[in-house]
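Me: I am new to this structure and would like to understand the terms used for it. Could you take me through them step by step?

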Amino acid sequence: MLIISLLFLIPGFVVLVLRWRRVFEGRAATLGGIGAIVLGALLGLTTVLYVVEPYEVAVPTRLGKIGGTWQPGLHVKSPLTDVTAFSTRPSDLNLTGDNTVEVRSSEGGVLFADLTVKWSIDPQHTVDLYKLAGDSDAVQQRLVLPDSREIVRNVFAKHTSVEGYSSQREAIAGEIDKLVTARLAPRGILVNGVNLRNVRPSDDLQKAIDAKIAQDQTTAQAEAAVRTAKAEAEKRKIDSESQAAANAAIANSLTDKILMSQCIEAFKAAAEKNAVYASPCGNSGGTPVIVDGTKR
């Protein structure tokens, strides 16, 4: 821009000088010279003035030397100064699609994790980030992306496939968030959250998971059948013991007199309808008799 400004300023001054010496006649030459000078001056101002937007900070460099961080506002600079702006707005690193992270569980199963890392730069560390990366895009590509991918793989490697796929997914997301934050904070990168959006197994792992689920269901059914059989056996044992106890109680309560009385009552009831050939009740001897209660 400085060169363009000089290309307008020099011809403008030359035209005015020649007009003053009456080499050129007419107002057109005067207006043309003045216009070139004004335009060149405006262009020149852009080489010495720089506006840092409200959502930015900037790092000036001049002849290989790095200056301090510029805050939002108008700044005066040398025409030889280059300015690199860093956005302080939150950015999203989306590890999905072609950037999906391929991870392996502690069992060696392959999983694919989709996640989003929400990050922004710490304005107090802008100069350090400039030295490490160069600009905002480079910060994401050189620092946020590789560190996030490494941590995601390390965390999943500590869990089984089933844990990564379903049962411990929330805990894994929290651990990734904590580790990414701890890794990037010393470098001046603020992590505003890590969203583990989806975890899906590879085709081979999905088949293995389905087979394990089927096996677990079969095992659970077999264990339930064993528990049912044990319960039924225990119930039969209790019923048998109860019946034996009842029989023993009845046997102990039947004396000879009670048995004799029940025998006589039974003969009487039977003889009401038909003649009964009866032996003496109990253990006493005697001649059998015919009792016919139908004949009165």
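Reply: Let us begin with a term: a patch is made of residues with over 30% relative accessible area and no salt bridge, and nonpolar side chains are joined into one within 5 Å. Please keep in mind that this is a predicted model.

Me: Which residues make the nonpolar surface patch here, and which elements give two or more residues to it?

Reply: The nonpolar surface patch, of about 380 Å², is made by Leu 49, Val 51, Leu 74 and Val 76. The elements that give two or more residues to this patch are strand E1 (49–52) and strand E4 (73–76).

Me: Why does Val 76 count as exposed?

Reply: Val 76, which is found in strand E4, has a relative accessibility of 66%. Exposed means over 50%, and therefore Val 76 counts as exposed.

Me: Why does Gly 97 count as exposed?

Reply: Gly 97 lies in the loop between strand E6 (91–95) and strand E7 (101–104), and its relative accessibility is 58%. Since the term exposed requires over 50%, Gly 97 counts as exposed. As for its place in space, Gly 97 and Ala 113 are 16 residues apart in sequence and 10.0 Å apart, C-alpha to C-alpha.

Me: What makes the contact between Asp 92 and Lys 118 a salt bridge?

Reply: The closest N and O atoms of Asp 92 and Lys 118 are 3.5 Å apart, and a salt bridge needs a side-chain nitrogen of Lys or Arg within 4 Å of a carboxyl oxygen of Asp or Glu, so the pair forms a salt bridge. This pair links distant parts of the chain, with Asp 92 in strand E6 and Lys 118 in strand E8, 26 residues apart. Asp 92 counts as partly exposed because its relative accessibility is 41%, and Lys 118 counts as partly exposed at 35%, the cut-offs being under 20% for buried and over 50% for exposed.

Me: How many salt bridges does the structure hold, and what does the one between Arg 200 and Asp 114 tie together?

Reply: The structure holds six salt bridges, one of which joins the side chains of Arg 200 and Asp 114 at 3.1 Å, N to O. Because Arg 200 lies in strand E9 (residues 189–201) and Asp 114 in strand E8, the pair ties together parts that are 86 residues apart in sequence. Arg 200 counts as partly exposed at 35% relative accessibility, whereas Asp 114, at 11%, counts as buried.

Me: How do you know that Arg 183 and Glu 150 form a salt bridge, and which residues are joined into one network?

Reply: The closest N and O atoms of Arg 183 and Glu 150 are 3.4 Å apart, which is set against the cut-off of 4 Å. Arg 183 lies in helix H6 (residues 169–184) and Glu 150 in helix H4 (residues 136–156), so the pair ties together parts that are 33 residues apart in sequence. Salt bridges that share partners join Asp 147, Glu 150, Arg 183 and Arg 187 into one network.

Me: What is the nearest side chain of opposite charge to Asp 122, and how far away is it?

Reply: The nearest side chain of opposite charge is Arg 187, 13 Å away, and Asp 122, although buried, has no salt bridge; the cut-off for one is 4 Å. Asp 122 is found in the loop between strand E8 (110–121) and helix H3 (126–132), and, not counting residues up to four places away in sequence, Asp 122 touches Gly 188 and Leu 190.

Notes
Residues numbered from 1 in each chain as written. Predicted model: local features only at pLDDT ≥ 70, side-chain atom pairs only at ≥ 80, totals over all residues. Heavy atoms only, no water. Patch = residues over 30% accessible without salt bridge, like charges linked within 9 Å, V, L, I, M, F, W, Y side chains within 5 Å. Areas by Shrake-Rupley, 256 points an atom, 1.4 Å probe, with all protein chains shown as cover. Helix = DSSP H or I, 4+ residues; strand = E, 2+ residues; numbered from the N terminus. Buried < 20%, exposed > 50% of the residue type's maximum accessible area, 1.4 Å probe, protein only. Lys, Arg positive; Asp, Glu negative; His and termini not counted. Contact = heavy atoms within 4.5 Å.
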